[in-house]
Amino acid sequence: MSTSPAPAPPAPAEPSAGKPPMSNLAQRIIFGVIGAVLLLGSVWYSAWTFALFFGLVQMRMLWEFYRMMREVGYKPAAMLGGGISILIFAGVLGVVVVNNTVDSIGEGMHHVVGDARSAGIILTGVLLLLPVILILREMAAWPREQQDFSPFSNVGVALLGLLYVSLPMSLLSVLAFTDTGYDYRRIFALLLLVWSSDIGAYAAGKTFGRHKLAPKISPGKTWEGAIGGFLLTLGMGWALGYMLPELSLTYRLVVAGVVAVFGPLGDLAESMLKRSVDIKDSGRIMPGHGGLLDRFDAFLFILPVLALLRLVLE
């Protein structure tokens, strides 16, 4: 009885000619460094680069919010909302600059104040008419195919994006400008406080975390992490006396406490938003980091409180 020859052993696989894909950690490090350089450089260089950078950032954050809403069937006016978001940022910036300089300008500059106030009136008019404009848009598109929501839901989502994202981010100008002009140190201080809160929470949570803070929203967050973030942020508030000696220790600690409490709440709010629409990241503009809404979500709760604190206490 003849036997068939044994099959030849498989040839060794050819090594892949292409380079292995970049690891997620490498992406996070590289793009994190690039983002930090752009952020800190824009804040440090001048008031104009600060305004340009954050004006674009808040518009992108709004676009990411609208994109998430479109995933669940809403159809917000993204282009119109983006334009209004720039007007809001520019309007708040103009009002802050004028209010901080009106007492020290010379006679030849009063026409600038008049122009700024005229622009403020125009912006106010646009904001007052915004609901009407959005409703007219829905009337022109009615009835929409493949949408079960009321057209007023689209109007509400468009307005919510401006209130949730654009208006809080525009309040950065309230913190950045004083009666002596633009002060980049204050934005640096805010960034250091937010980063301290994140680092402290991460380190303490990894080391001591046992009790879940909000398991249905963000299972990874713990009370131990929140306490660690709070303590490290207070320590940074004390250390900021070397950068901002004109601010009292009490004021710096109050600001640090606001960041330590409201920053995590802002992060939880965005986590709840993403879970509600079943999305992991708000965007893909920063590989390894998600979207800008993921990076600046804490600011959306911190800035309104700090702006109010600044207006009341300074």
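Mentor: Axes are lines fitted to C-alpha atoms, for helices over the stretch in contact, and angles run from 0 to 180 degrees between N-to-C directions. This is a predicted model, in which local features need pLDDT of at least 70 and side-chain atom pairs pLDDT 80 or more, while totals for chains, interfaces and linings use all residues. Residues are numbered from 1 along each chain as its sequence is written, and side-chain values use heavy atoms, without hydrogens and water.

Trainee: Why are α9 and α11 called roughly antiparallel?

Mentor: Helix α9 (residues 249–277) and helix α11 (residues 299–313) pack at an angle of about 155°. Angles under 35 degrees count as roughly parallel, over 145 as roughly antiparallel, 65 to 115 as roughly perpendicular and the rest as oblique; therefore α9 and α11 are roughly antiparallel. Their axes lie 7 Å apart.

Trainee: What makes the pair of W238 and Y242 edge-to-face?

Mentor: Rings of Phe, Tyr and Trp (its six-membered ring) pair if their centres lie within 6.5 Å; planes under 30 degrees apart are stacked, over 60 edge-to-face and the rest tilted. The ring centres of W238 and Y242 are 6.0 Å apart and the planes stand at 85°, so this pair is edge-to-face.

Trainee: How do you know whether F65, Y164 and Y242 are buried or exposed?

Mentor: Buried means under 20% relative accessible area, exposed over 50%, and partly exposed in between (1.4 Å probe, protein chains only). F65 has 2%, so F65 is buried. Y164 has 14% and is therefore buried. Y242 has 69%, so Y242 is exposed.

Key. Helices (H or I, at least four residues) and strands (E, at least two) are DSSP runs, numbered from the N terminus.
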